[in-house]
Amino acid sequence: MLEFTMNDGNTIPAVGYGVFLMTPEEVEAHLPEAIDAGYRHIDTANAYFNEKAVGRVVNASDLPREEFFITTKLFPQSYPYEQCKVDIDATLARLNTDYIDLLLLHQPYGEYVQAWKAMEEAVAEGKVRSIGLSNFPQAKLQEILDVATITPAVVQIEINPYWNQHEMKEFLAPYDVTFEAWYPLGHGDEKLLAEPIFAELGKKYSKTPAQIILRWHLQEGNVIFPKTLNPAHMADNIDIFDFELTDEEMARINSLPQNPYYIVPDEAPDFVLTVNDYDAQK
Ligand SMILES: NC(=O)c1ccc[n+]([C@@H]2O[C@H](COP(=O)([O-])OP(=O)(O)OC[C@H]3O[C@@H](n4cnc5c(N)ncnc54)[C@H](OP(=O)(O)O)[C@@H]3O)[C@@H](O)[C@H]2O)c1
């Protein structure tokens, strides 16, 4: 598995398995298949309500904990400093692990500056190895960068061929941040997958359109964790290391019209304000 080195010196597997919108039962059914297929990097979140199931699968595996790279994310209700410290411990307990490989602030609302401080302390205490941000616009990233004693290792944002985030990458270039792509396949959008360029390149390299898109991500330097419940897709999504797109092919993909699927609102949407009982999950 290809690994990227982050700005804090830790490494991250370039391809992982995302478990957004998976029930605990689905995680218990499909994450073992993903591990058998070779995945070691798992992307979950407090707000996915499946951390306990992720922990059960990792602990039931024959592989040692150090073989895995587990990312999880805190939601804004956890951001006030004291709450954040409590909720990092609760997250460790739900995952039933001693440390989190990568902890992100999931949404750019509320007391995120306080939360960043609590996360830096969690790194010093050995509870967390790397920290980063998700869905933060440039102005709020700058607020964190201005006070951080640990520069965000990772920024997790929507990235796909319809939204390549080159402007954001230019903004963060001085910080050597690693980019993670959510919606790497446009959330399975048929229009994206049916773009003629992916069929054309798929024919040239004997790969599927999805594999061409995922290879484009790797060559753009993006960490990816496509979600799938389909074992054939699971195998395809890590079978992308035996070919290379040319600079010209990369440029053609990057010339597709640019529009995000989802615009992160300036103010917190209702679903972010809902206080949830994460421990109630199965
Ligand atoms: N930080 C955030 O706010 C945020 C937001 C969204 C997502 N995420 C993370 O990003 C991960 C991925 O995002 P996502 O699940 O929304 O979208 P995605 O990975 O872009 O798309 C998933 C869809 O693509 C299909 N698919 C997967 N592999 C395929 C293949 N080889 N060929 C054809 N179709 C394929 C899947 O269907 P099948 O099951 O049929 O394969 C599924 O419908 C999430 O699981 C989560 O970890 C983070």
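Me: Why does Asn135 count as buried?
Reply: Asn135 has 8% relative accessibility and therefore counts as buried, a term that means under 20% relative accessible area, with exposed over 50% and partly exposed in between (1.4 Å probe, protein chains only). Asn135 lies in the loop between β7 (128-134) and α5, and its phi is near 70 degrees, a positive value in a residue other than glycine. This is a predicted model, in which local features need pLDDT of at least 70, side-chain atom pairs count only at pLDDT 80 or more, and totals for chains, interfaces and linings use all residues. Residues are numbered from 1 along each chain as its sequence is written, and side-chain values use heavy atoms, with hydrogens and water left out.

Me: What makes Gln165 count as buried?
Reply: The relative accessibility of Gln165 is 13%, so Gln165 counts as buried. Gln165 is found in the loop between β8 (154-158) and α6 (166-172) and has a positive phi of about 60 degrees, although it is not a glycine.

Me: Why are α4 and α5 called oblique to each other?
Reply: Helix α4 (residues 112-124) and helix α5 (residues 138-147) pack at an angle of about 45 degrees. Angles under 35 degrees count as roughly parallel, over 145 as roughly antiparallel, 65 to 115 as roughly perpendicular and the rest as oblique; α4 and α5 are therefore oblique.

Me: Which residues of α4 and α5 meet?
Reply: Tyr112, Val113 and Trp116 in α4 meet Lys140, Glu143, Ile144 and Val147 in α5, where contact means heavy atoms within 4.5 Å.

Methods: Axes fitted to C-alpha atoms, helices over the stretch in contact; angles between N-to-C directions. Helix = DSSP H or I, 4+ residues; strand = E, 2+ residues; numbered from the N terminus.
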